[in-house]
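Good morning, and thank you for the time on today's agenda. Please look at the sequence and the structure as they come up, and I shall then go through some points in turn.

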Amino acid sequence: MEITIKLNGKNVTAHIEADHLLIDFLRSHGCVSVKRGCETSNCGLCTVLMDGIPVLSCSVLAARADGHEVQTLEGLQEEAEEFAGFIADQGADQCGFCNPGLVMNTIALLRENPDPTDDEIRAFLAGNLCRCSGYDGQLRGIRNYLDSRK
């Protein structure tokens, strides 16, 4: 089947099999920030924005994205740069493997709620598994970023 996805601002048309996952489609089109971590939709590493909403690309068929806009970290570098340094300053990006999913969900959170409480941040990012940081540094980084904007 043929699908067309607006990927990071550009229309991409491809022939796919019906069971082709969105994560595989994205990686085959150069979006290496989208990662496989758990194969069970529990870690958040494969998070992308589809029509502005975070989705786990490992559990979405590419055919479901036909006609939709999909954004990956590759397409959101400027927006991510605004706060990613604050997270790094807290030592919350130790190995960096989980960062793309965390950053994608943080972008979605801040678009939806530009001034979240700590509990709202924790709730929104609860689906992001990080094996290194303990999550406190990530929360501090996001909070420091938000405080710097006031």
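This is a predicted model: local features need pLDDT of at least 70, side-chain atom pairs count only at pLDDT 80 or more; totals for chains, interfaces and linings use all residues.

Strands β1 and β2 pair in the antiparallel sense, with six bridges between them. Strand β1 covers residues 2-7, and β2 covers residues 10-15. Within the pair, Lys-6 stands opposite Asn-11 in β2. The two strands form a hairpin with two residues between them, and Asn-8 in that turn has a positive phi of about 50 degrees.

With strand β5, residues 69-71, β1 pairs in the parallel sense over two bridges. Here Leu-7 stands opposite Val-70 in β5.

Which residues of β1 make up its covered face, and which its uncovered one? The covered face consists of Ile-3, Ile-5 and Leu-7, while Glu-2, Thr-4 and Lys-6 form the uncovered face. In a regular strand, side chains alternate between the two faces of the sheet.

Let me turn to the cysteines. How many disulfides are there? The count is zero.

Rolling a probe the size of a water molecule over the atoms shows where empty space is left. The count here is one cavity of 30 Å³ or more, and the largest cavity holds about 40 Å³ of space. By class, the lining has four nonpolar, one polar and three charged residues.

Finally, I come to Leu-110, which lies in helix α3, residues 99-112. Is Leu-110 buried or exposed? Leu-110 is buried, with a relative accessible area of 12%. Leaving aside residues up to four places away in sequence, Leu-110 touches Phe-83, Pro-116, Tyr-145 and Leu-146. Leu-110 and Leu-146 are 36 residues apart in sequence, yet their C-alpha atoms are 9.3 Å apart in space.

Thank you for your attention.

How values were computed: Residues are numbered from 1 along each chain as its sequence is written. Side-chain values use heavy atoms; hydrogens and water are left out. On a 1 Å grid over the protein atoms alone, a cavity is a set of points where a 1.4 Å probe fits but cannot get out, and a pocket is an open set with protein on both sides within 12 Å along at least five of seven lines; lining residues have an atom within 4 Å of a point. Grid points are joined across faces, edges and corners, and a volume is the space filled by probe spheres set on the points. Ala, Val, Leu, Ile, Met, Phe, Trp, Tyr, Cys and Pro count as nonpolar, Asp, Glu, Lys and Arg as charged, and the others, Gly among them, as polar. A disulfide is a pair of cysteine sulfur atoms within 2.5 Å. Buried means under 20% relative accessible area, exposed over 50%, partly exposed in between (1.4 Å probe, protein chains only). Helices (H or I, at least four residues) and strands (E, at least two) are DSSP runs, numbered from the N terminus. Two strands pair if DSSP finds at least two bridges between them. Contact means heavy atoms within 4.5 Å.
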